[in-house]
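User: Please take a close look at one helix pair in this model. Which residues meet, and what lies around them?

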Amino acid sequence: MYGPVRNSRTADDGAGSVPTAAGGTGTGTEDLAAGHAGTDPATEAFVAHRNLLFTVAYEMLGSAADAEDVLQESWLRWAGVDQGTVRDPRAFLVRVTTRQALTRLRTLRRRKESYVGPWLPEPLLTAPDVAEDIELADSVSMAMLLVLETLAPTERAVFVLREVFALDYEEIARAVGRRPATVRQIAHRARAHVAARRPRETVPPDRTRAVLTAFRQAVETGDLTALLGLIAPDVVLLTDGGGVVRAAPEPVVGARAVAAVLGRIDASTLSHAQVNGHPALVLRTAGTIDTVLAVRLNGGLITGLYAVRNPEKLARLDHETAVTR
């Protein structure tokens, strides 16, 4: 029923190594040589800002694998710069990362046109303290990343740099290659676009966790009445299998249809986790992560369910990923 999906990584992955915030070097998520940081100012600067740069790239791309590739490309460019000409390493690195992410984003858009079934962002296991920064947690949530997917590449870059990282218009203009006045217009347009589509309320983590606990119990006991009491009548379920594993090829819409799908879940394999700054559920099969289930709440009800099943998108769930502003 499903055909193979192309891997999102580029053909030249693995060339060189990029310093990690942990003090090592890595290609993708792997550390290759501990203790590399501190050997020269360029490496020290990159390591100091690495988590920030990853977050910028991830919010622009919705893919941790591609964000790591962008960091690799940014590091190679940064390593060849005359450090004496750089007044503000943080600003310079954000500019380089943004430009690389924009190039990658345009490539990803073409690739997504042939993606099998719904596309969902790559989920990240995040530390509990990410939820304490409400704006950061909101910006990396599955729901927000899907909203950002509806923006044009430059609009997305401007929105992320302005609304999430609070860069001034002049700095953003240098990053995206536009005039400051134009960037202001783009920011206004992007802000209005996102405001019309983002979740209408900020839901405290403890409330989301309580709903997920009740949701898990309803699924486990087969209590259809309780389950229907937790999901909105117009709830939408998106399942991303990427053509690799079985998933619904189209969004599942409506409480009854969604409940029928959820009724097939073995709730005994569900566990709670902190994903993209918010409580979520993880389903394991034979000890291996099978599905990450994130939710969107409005008015106390689940209005969106996001089930990531594509194995290529679950590789980072074995460790926390640092995101920061």
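Analyst: Thr154, Ala157, Val158, Leu161 and Arg162 in α6 meet Tyr169, Ile172, Ala175 and Val176 in α7. Contact here means heavy atoms within 4.5 Å. Helices are DSSP runs (H or I, at least four residues), numbered from the N terminus. The contact residues divide into 7 nonpolar, 1 polar and 1 charged. Ala, Val, Leu, Ile, Met, Phe, Trp, Tyr, Cys and Pro count as nonpolar; Asp, Glu, Lys and Arg count as charged; the others, Gly among them, are polar.

This is a predicted model: local features need pLDDT of at least 70, side-chain atom pairs need pLDDT 80 or more, and totals for chains, interfaces and linings use all residues. Residues are numbered from 1 along each chain as its sequence is written, and side-chain values use heavy atoms, leaving out hydrogens and water.

Now the geometry. Helix α6 spans residues 153-164, and α7 spans residues 169-176. Their axes come within 10 Å and cross at roughly 145°. Axes are lines fitted to C-alpha atoms over the stretch in contact, with angles from 0 to 180 degrees between N-to-C directions.

Next, the surroundings. Phe46 touches Trp75, Trp78 and Leu93, among others.

How values were computed: Helices (H or I, at least four residues) and strands (E, at least two) are DSSP runs, numbered from the N terminus. Lists of a residue's contacts leave out its neighbours within four places in sequence.
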